[in-house]
Amino acid sequence: MKVLVVDDIGYSCHYYARLVEKIGFPVATASSGFEALNYLQTDNEIHVVLTDLVMSGMDGVDLFQKAQLVERYSDSGAVPAPQFILMTAFRPEKNSPDRNLQRIQLANELGFSKIMFKPLDQEELKQELKDMSLNVIHSSAEESPLDLYSPTQKIRESVKEIIEADNKEAASDFLQILMEQIENLKKYLKIA
């Protein structure tokens, strides 16, 4: 799985590209939304775009919308649009509502996989990219692709809600369900 890092500030683009490489994924960089679109039109190996929100010419949300229209093909057929992670230094809770807040809300509505605040939490980015790579591995298989990313995100959200609610009974029940499913997978892998 290849990641395209898009940021119009050179040192930020370089820093996040090195971070993605350190996590273990090949990376390409673009210094504008327009350059990123050119990459997406010519490089079908890009499955994730890590883009800044605020950029001159074309911001990260505009890039996402235009990327959905790019037709990409490989020898085995159509290649789906990449997943997007939006990076922003804008902190909605510390600022009054403005255009950036509206763009972040729009990004949520349009279907960005993740919105992360700069400086990015390295462990969070690492986990997000690893989760996204599950979809890429399965989408390259001949059978119809499995969506492993969405269920993984739902599990994370459920665990977070249980912990925030300080509900030990729910935590115990949820853990039991997960353990049963892990056993089912172990049985399957022994049979397969």
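**Close-up views of a predicted model**

View 1. In E3, Val-5 has Leu-50 as its bridge partner. This is a predicted model, in which local features need pLDDT of at least 70, side-chain atom pairs count only at pLDDT 80 or more, and totals for chains, interfaces and linings use all residues. Residues are numbered from 1 along each chain as its sequence is written, and side-chain values use heavy atoms, leaving out hydrogens and water. Strands (E, at least two residues) and helices (H or I, at least four) are DSSP runs, numbered from the N terminus. E1 and E3 run parallel and are joined by five bridges. Leu-50 also has a bridge partner in E6, namely Ile-85. Five bridges pair E3 with E6, again in the parallel sense. Seven of the seven residues of E3 are buried (buried means under 20% relative accessible area, exposed over 50%, partly exposed in between, with a 1.4 Å probe and protein chains only).

**View 2. The open sheet has five strands.** Their order is E2-E1-E3-E6-E7, with parallel pairing. Strand E2 (27–30) and strand E7 (114–117) are the edge strands, each pairing on one side only. From one strand to the next, the twist averages 20°. Two strands pair if DSSP finds at least two bridges between them. Strand E1 (residues 2–6) and E2 run parallel, joined by four bridges. Here Leu-4 stands opposite Ala-28 in E2.

**View 3. Helices H1 and H2 lie across strands of the sheet.** Helix H1 (residues 10–23) lies across E1, E2, strand E3 (46–52) and strand E6 (83–88). H1 runs at about 170° to E2. Helix H2 (residues 33–42) lies across E1, E2 and E3, at about 140° to E2. Axes are lines fitted to C-alpha atoms, for helices over the stretch in contact, and angles run from 0 to 180 degrees between N-to-C directions.

**View 4. Pro-82 is buried in a loop.** The loop lies between strand E5 (77–79) and E6. Pro-82 counts as buried because its relative accessibility is 7%. Pro-82 and Val-49 are 33 residues apart along the chain, yet their C-alpha atoms are separated by 6.5 Å. Not counting residues up to four places away in sequence, Pro-82 touches several residues, including Leu-40, Val-49, Gln-68 and Arg-72 (contact means heavy atoms within 4.5 Å).

**View 5. Arg-72 is buried without a salt bridge.** Arg-72 is found in strand E4 (residues 72–74). The nearest side chain of opposite charge is Asp-43, 6.3 Å away. A salt bridge is a side-chain nitrogen of Lys or Arg within 4 Å of a carboxyl oxygen of Asp or Glu. Lys and Arg count as positive and Asp and Glu as negative; His and the chain ends are not counted. The Arg-72 side chain does reach the backbone oxygen of Asp-43, at 3.3 Å. Among the residues that Arg-72 touches, not counting those up to four places away in sequence, are Asn-44, Ile-46, Gly-77 and Pro-82.

**View 6. Lys-118 and Pro-119 are joined by a cis peptide bond.** Omega is about -10°. Pro-119 sits in the loop between E7 and helix H5 (122–139). Most peptide bonds are trans.

**View 7. Asp-166 has a positive phi.** The angle is about 50°, although Asp-166 is not a glycine. Asp-166 is in the loop between helix H6 (149–165) and helix H7 (168–191). Asp-166 counts as exposed because its relative accessibility is 60%.

Key:
Polar contact = N/O pair within 3.5 Å; in protein donor to acceptor, adjacent residues only side chain to side chain.
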